[in-house]
Amino acid sequence: MRKWNAFLSAGILLLFFIHAVTGAFQLAGIYPGGSKLLSVLAMIMVIFMAFHALIGIILTGKTLRALKKAGVSYFRENRLFWARRISGFAVMVLVFFHIALFAVSGEEVFRLRFFGEADLVIQLLFLLAVALHVISNVKPLLISFGIRSLKDFCADILIILSAILILAGAGFFVYYLRWNAVL
């Protein structure tokens with residue numbers, strides 16, 4: 001089950017990179033219009049995320065049962081484990097807001113609803129939750145694929161992630177400015 005979760009995680013990360021870059025360009029008006037291929041990729045990512053969340057819930061349940069059986073939780077020693085679970089839960093909640101905000105309505109036309117201050121804050125919180133979740137899980141992901149030189153790969157993934165998150169945040173901000181007639 002953990003190996004499947006690793007493959008799902010890698011797929012989600014790759015699809016997220018593609019989705020975030022193209023979405024940022026769309027929101028900034030650089031790449032106008034929606035793409036059916038991008039919609040299909042986003043749907044695949046949502047399906048992967050659902051399975052990833054299900055596996056995470058199952059593994060967390062097993063951990064909680066083991067803690068209960070042992071009679072000791074060692075919460076302080078397992079802070080990183082709980083940070084991974086809490087950030088994953090935050091991503092699950094905030095992704096629903098993201099989907100609701102950016103759902104495509106219409107056959108050929110990309111239509112979105114008003115994008116105000118609250119929407120901007122929620123989307124930036126979503127990016128923050130994704131960043132925390134990926135940062136706290138990149139090392140175990142690489143270990144699960146048997147990558148030994150973690151330092152190089154972790155740094156590369158985190159640099160790419162940082163650049164994409166900055167681009168996505170800028171896309172949200174420019175989109176907010178465009179909706180509010182500042183640009």
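Me: What follows α4, and what is its phi?

Reply: G146 follows α4, and its phi is positive, near 75°. Helices here are DSSP runs of H or I, at least four residues, and strands are runs of E, at least two, numbered from the N terminus. A word on the source: this is a predicted model, where local features need pLDDT of at least 70, side-chain atom pairs count only at pLDDT 80 or more, and totals for chains, interfaces and linings use all residues. Residues are numbered from 1 along each chain as its sequence is written, and side-chain values use heavy atoms, with hydrogens and water left out.

Me: What is the overall make-up by that rule, how many helices and how many strands?

Reply: Five helices and zero strands. The pattern along the sequence is α-α-α-α-α. The C-alpha trace spans about 60 × 35 × 30 Å along its principal axes.

Me: How do you know that the span of α4 agrees with its residue count?

Reply: The expected span is 1.5 Å times one less than the number of residues. Helix α4 covers residues 117–144, which is 28 residues, so it should span 40 Å. Its end C-alpha atoms are 40 Å apart, so the two agree.

Me: Where does α4 bend, and by how much?

Reply: At N137, by about 45°. The bend is the angle between axes fitted to the seven residues ending there and the seven starting there. A proline, P140, follows within four residues.

Me: What does the span test say about α5?

Reply: With 30 residues, α5 should span 44 Å. Its end C-alpha atoms are 42 Å apart, which agrees. After α5 comes A181, with a positive phi near 55°.

Me: Why is G171 given its burial class?

Reply: Buried means under 20% relative accessible area, exposed over 50%, and partly exposed in between (1.4 Å probe, protein chains only). G171 has 3%, so it counts as buried. It lies in helix α5, residues 150–179.

Me: Which class does G56 fall in, and why?

Reply: Its relative accessible area is 19%, so G56 is buried. G56 belongs to helix α2, residues 36–70. From G56 to A42 is 14 residues in sequence and 20 Å in space, C-alpha to C-alpha.

Me: Why does L142 get its class?

Reply: L142 has 5% relative accessibility, so it counts as buried. This residue is in helix α4. Across the protein, buried residues make up 36% of the 183 residues.

Me: And why is M1 classed as it is?

Reply: At 44% relative accessibility, M1 counts as partly exposed. M1 sits in the segment before α1 (2–27).

Me: What makes the nonpolar patch that includes M1?

Reply: M1, I47, F51, L54 and I58 make a patch of about 470 Å². Patch residues have over 30% relative accessible area and no salt bridge; like charges are joined within 9 Å, nonpolar side chains (Val, Leu, Ile, Met, Phe, Trp, Tyr) within 5 Å. A salt bridge is a side-chain nitrogen of Lys or Arg within 4 Å of a carboxyl oxygen of Asp or Glu. Areas come from the Shrake-Rupley method with a 1.4 Å probe; for residues, only the protein chains shown count as cover.

Me: How many aromatic pairs are there?

Reply: The count comes to 11. Rings of Phe, Tyr and Trp (its six-membered ring) pair if their centres lie within 6.5 Å; planes under 30 degrees apart count as stacked, over 60 as edge-to-face and the rest as tilted.

Me: What type of pair do F81 and W82 form, and why?

Reply: Their centres are 4.9 Å apart and their planes at 85°, so the pair is edge-to-face. Both F81 and W82 are buried. One aromatic cluster is formed by F102, F114, F115, F172, Y175 and W179.
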